[in-house]
Amino acid sequence: MAQISLNVNGKARVVDTDSSTPLLYVLRDNLGLHGPRFGCGLGQCGACTVIMDGKSVRSCTTPTSAALNKRSITLEGLGNVARPHPLQKAFIDEQAAQCGYCINGIIMTVAGLLNRSPPAGRREIVETLDERHLCRCGAHSRILRAIDRAIADQPGSQP
Ligand code: FES
Ligand code: FES
């Protein structure tokens with residue numbers, strides 16, 4: 001066990017844990033952030049996705065030591081009920097979920113791609129989701145509608 005300093009959702013946090021502990025466990029169990037979800041635990045489903053220094057990573061297969069000196073963002077850090085991130089708002093507006101288990105991770109991956117400079121286009125987003133995320137409910141068409149809405153709502157987007 002060691003004290004590990006993290007920056008999560010803009011706040012400095014210190015946790016007592018083994019440096020090899022998956023970041024997902026620290027976020028959920030030590031910090032009480034339940035946006036990242038445990039799905040497969042094997043880096044295959046994407047439910048545990050968080051953004052680290054601007055890039056989406058799977059927190060179930062990322063050791064906590066990898067988050068040292070990096071800025072990590074979970075779903076809670078994107079927005080909240082009163083002030084949702086535009087992507088969260090688009091998912092709500094399109095009711096883009098069935099059970100919703102996969103959605104948190106998908107939002108984090110898409111947020112990372114849209115916040116990039118220049119932002120990723122629809123094709124890259126769809127290919128990335130296809131490769132990195134599973135939705136067992138088959139809510140894909142609703143998810144894509146929400147993403148299209150978020151892309152259209154971006155400043156500077158063309159109709
Ligand atoms: S729980 Fe991390 S990829 Fe499935
Ligand atoms: S909405 Fe249920 S797994 Fe995607």
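## Close-up views of the predicted model

View 1. With a relative accessible area of 36%, Ala2 counts as partly exposed (buried is under 20%, exposed is over 50% and partly exposed is in between, using a 1.4 Å probe and protein chains only). This is a predicted model, in which local features need pLDDT of at least 70 and side-chain atom pairs count only at pLDDT 80 or more, while totals for chains, interfaces and linings use all residues. Residues are numbered from 1 along each chain as its sequence is written, chains are lettered from A and ligands numbered from 1 in the order in which they are written, and side-chain values use heavy atoms, leaving out hydrogens and water. Ala2 belongs to strand β1, residues 2-8 (strands are DSSP runs of E with at least two residues, helices are runs of H or I with at least four, and both are numbered from the N terminus). Leaving aside residues up to four places away in sequence, Ala2 touches Val15, Asp16 and Thr17, where a contact means heavy atoms within 4.5 Å. Now look for Ala120: it is 118 residues from Ala2 along the chain, and their C-alpha atoms are separated by 38 Å.

View 2. Find Asp53 in the loop between β3 (49-52) and β4 (55-58). Its phi is near 50 degrees, a positive value in a residue other than glycine. Most residues other than glycine have a negative phi, and most peptide bonds are trans. Asp53 is partly exposed, at 44% relative accessible area.

View 3. Are they buried or exposed? Glu94 is buried at 17% relative accessibility, whereas Gln95 is exposed at 56%. Glu94 touches Arg142, Arg145, Ala146 and Arg149, not counting residues up to four places away in sequence. Gln95 has a positive phi of about 45 degrees although it is not a glycine.

**View 4. Helix α3 against helix α6.** The axes of α3 (residues 86-93) and α6 (residues 140-153) come within 8 Å and cross at roughly 135 degrees. Here axes are lines fitted to C-alpha atoms, for helices over the stretch in contact, and angles run from 0 to 180 degrees between N-to-C directions. The two helices are therefore oblique to each other (under 35 degrees is roughly parallel, over 145 roughly antiparallel, 65 to 115 roughly perpendicular, and the rest oblique). On the α3 side, Leu87, Ala90, Phe91 and Asp93 meet Ile143, Ala146, Ile147, Arg149 and Ala150 of α6. By class, this contact has seven nonpolar, no polar and two charged residues (Ala, Val, Leu, Ile, Met, Phe, Trp, Tyr, Cys and Pro count as nonpolar, Asp, Glu, Lys and Arg as charged, and the others, Gly among them, as polar).

**View 5. Helix α4 against helix α5.** Which residues of α4 and α5 meet? Ile106, Thr109, Val110, Leu113 and Leu114 of α4 meet Glu124, Ile125, Thr128 and Leu129 of α5. Those residues divide into six nonpolar, two polar and one charged. The axes of α4 (residues 103-114) and α5 (residues 122-132) come within 10 Å, crossing at roughly 145 degrees, and the crossing is right-handed. In the loop between these helices you can find Pro118, joined to Ser117 by a cis peptide bond with omega of about -5 degrees.

**View 6. Helix α5 against helix α6.** These helices pack at an angle of about 145 degrees, with their axes 11 Å apart. The contact is made by Arg122, Ile125, Val126 and Leu129 of α5 and Leu144, Ile147, Asp148 and Ile151 of α6. Six of these residues are nonpolar, none is polar and two are charged. α5 passes α6 in a right-handed crossing.

**View 7. Cysteines in the model.** Cys135 sits in the loop between α5 and α6 and is buried at 12% relative accessible area. Apart from residues up to four places away in sequence, Cys135 touches Cys102, His140 and Ile143. Cys102 is buried too, at 11%, and Cys45 is buried at 13%. A disulfide is a covalent bond between the sulfur atoms of two cysteines. How many disulfides are there? The count is zero, taking a disulfide as a pair of cysteine sulfur atoms within 2.5 Å. Ala97 is 38 residues from Cys135 along the chain, yet their C-alpha atoms are separated by 9.4 Å.

Key:
Left-handed = near helix turned anticlockwise from the far one by under 90°.
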